[in-house]
Amino acid sequence: MDKFSIRGGTPLKGEIAISGSKNSGLPALAACLLTDQPVVLHRVPRVRDIRTMKSLLASTGAKVDRRGSGPLSVQAERIIRPEAPYDLVKTMRASSLVLGPLVARTGRARVSLPGGCAIGARPINLHMRALEQLGARIRQEHGYVEAEAPEGLHGAAIHFDRITVTGTEDLMMAAVLAKGETILENAAREPEVSDLAELLTRMGAQIQGAGTSTIHIQGVDHLGGAEHTIIPDRIEAGTFLIAGAITGGDITVTGAIAEHLTALLLKLGEAGVEVDTGGGRIHVRSSGSLRAVDATTEEYPGFPTDLQAQFMALMTQAEGISFITETIFENRFMHVPELVRMGANIRIEGRQAIVAGKRDLSGAGVIASDLRASASLVLAGLVAKGETIVDRVYHIDRGYEKIEGKLMRAGAQIRRFD
Ligand code: EPU
């Protein structure tokens with residue numbers, strides 16, 4: 001199993017290019033199941049979750065092709081197996097994104113229920129209930145969700161009890177081929193939802209309001225092929241900006257969309273980091289002297305839960321007390337005991353972590369527990385004295401494209417070893 005060795009203490013400097021968004025690429029690939037025509041996707045990141053989704057598409061009978069660093073093309077001319085098997089779903093919960101497209105395209109789908117994961121229980125009850133409202137018959141058997149709609153789906157007014165990102169995406173993909181109009185209320189407003197709507201629209205779907213909490217979808221009979229470029233990964237960009245700030249460095253991320261990161265950029269500014277944006281670039285500079293600020297995770301446009309762990313690593317280096325509240329997932333503080341082992345002073349009270357800084361961190365052996373927790377340990381390693389060994393790097397490889405290469409080019413002392 002791969003590990004990272006990190007020697008902290010070097011301020012990062014230079015430019016880091018941002019890859020395409022993992023959480024946009026995943027639903028975009030699932031959307032390819034909605035048409036028998038080829039779909040060509042540019043800027044799909046080369047990360048493990050995307051590879052898992054490619055395997056999933058291939059197992060349904062779709063042809064998936066990518067040459068070198070070129071675009072990824074998918075053609076699901078015929079779906080021979082409308083199924084997401086347990087082996088794939090257990091490694092990636094977002095596999096449930098194929099439920100909506102498969103039942104919309106073929107009238108049936110069999111998708112393994114995802115188990116819990118490191119950050120919480122993560123049920124898909126809201127996806128299932130909404131699909132039932134579109135006319136699908138849903139059964140749960142042997143750990144699988146079986147959905148059937150032999151006569152096709154029909155439009156409905158759906159109100160999500162709570163905001164769900166992949167739930168909104170799954171239902172949008174089901175509704176584009178349903179008869180009549182679907183209205184999704186209390187929909188997720190994440191940029192990844194808008195990006196999916198843009199791809200679906202290019203394929204011939206009729207969608208209005210994506211990016212707001214009410215989405216109107218007028219079903220069509222068929223969708224066609226399309227070409228689309230995935231948006232840049234805002235969480236990857238945010239992670240590198242925090243890397244610049246935590247090391248007292250000077251980092252510019254290129255090819256990012258600053259508006260997607262407003263909540264983080266405001267917090268960095270409050271903490272005393274110099275931030276400027278323009279022309280697809282975001283620049284941070286820090287003297288290393290930081291103030292503690294509070295952060296509460298919320299759905300977009302609030303502070304993203306996917307940056308909470310990384311921001312907490314930063315707050316270990318700020319003067320004062322910072323209250324960090326996690327409202328999206330019930331168990332997303334797995335990085336805390338590891339940060340504490342490195343010398344951080346953090347106490348957890350329910351959904352709140354209380355970080356007292358500034359504490360000097362010292363390198364230690366730590367274990368990555370999930371994707372973003374692992375990123376926070378890498379950030380802590382970049383500022384810790386001595387060597388940090390991060391174990392189970394495969395969690396990072398799920399969502400960051402060549403993270404060590406990008407950090408190394410900015411001056412970090414990080415290497416991967418087996
Ligand atoms: N929820 C339910 N029932 C459902 C669906 C969700 O109770 O049917 C709950 C969840 O348990 C959670 C909350 O609603 O407490 C929000 O979950 P959501 O469905 O929005 O999360 P998701 O769609 O499974 C996506 C991202 C996550 C990101 C969250 C929140 C993808 C592939 N994944 O997950 O990304 O944390 O939205 O923004 O888009 C990551 O990239 O590291 C990651 C975990």
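## Lining of the largest cavity

In this predicted model, the residues that line the largest cavity divide into four nonpolar, two polar and two charged.

Helix H5 (125-133) and strand S10 (157-159) each contribute at least two of the lining residues, and H5 provides the largest share, namely four residues. The space inside the largest cavity comes to about 40 Å³, and the count of cavities of 30 Å³ or more is one.

## Nonpolar cores

The largest nonpolar core holds 74 residues, and within this core Leu34, Met172 and Leu200 have the most contacts. When residues up to four places away in sequence are left aside, Leu200 touches Ala31, Leu34, Met172, Met173, Val176, Ala205 and Ile207, a list that includes both Leu34 and Met172.

Apart from this core lies another, of 68 residues, whose members include Val253, Met315, Ala364 and Leu407.

## Domains and their contact

The protein is divided into two parts: domain 1, which is assigned the segments 3-19 and 232-417, and domain 2, which is assigned 22-229. Taken over C-alpha atoms, the centres of domain 1 and domain 2 are separated by 30 Å. The contact between them takes 26 residues from domain 1 and 21 residues from domain 2.

Terms used:
Residues are numbered from 1 along each chain as its sequence is written. This is a predicted model: local features need pLDDT of at least 70, side-chain atom pairs count only at pLDDT 80 or more; totals for chains, interfaces and linings use all residues. Side-chain values use heavy atoms; hydrogens and water are left out. A nonpolar core is a set of buried Ala, Val, Leu, Ile, Met, Phe, Trp, Tyr and Cys residues joined through side-chain atoms within 4.5 Å. Buried means under 20% relative accessible area, exposed over 50%, partly exposed in between (1.4 Å probe, protein chains only). Contact means heavy atoms within 4.5 Å. On a 1 Å grid over the protein atoms alone, a cavity is a set of points where a 1.4 Å probe fits but cannot get out, and a pocket is an open set with protein on both sides within 12 Å along at least five of seven lines; lining residues have an atom within 4 Å of a point. Grid points are joined across faces, edges and corners, and a volume is the space filled by probe spheres set on the points. Ala, Val, Leu, Ile, Met, Phe, Trp, Tyr, Cys and Pro count as nonpolar, Asp, Glu, Lys and Arg as charged, and the others, Gly among them, as polar. Domain bounds come from an automatic or database domain assignment.
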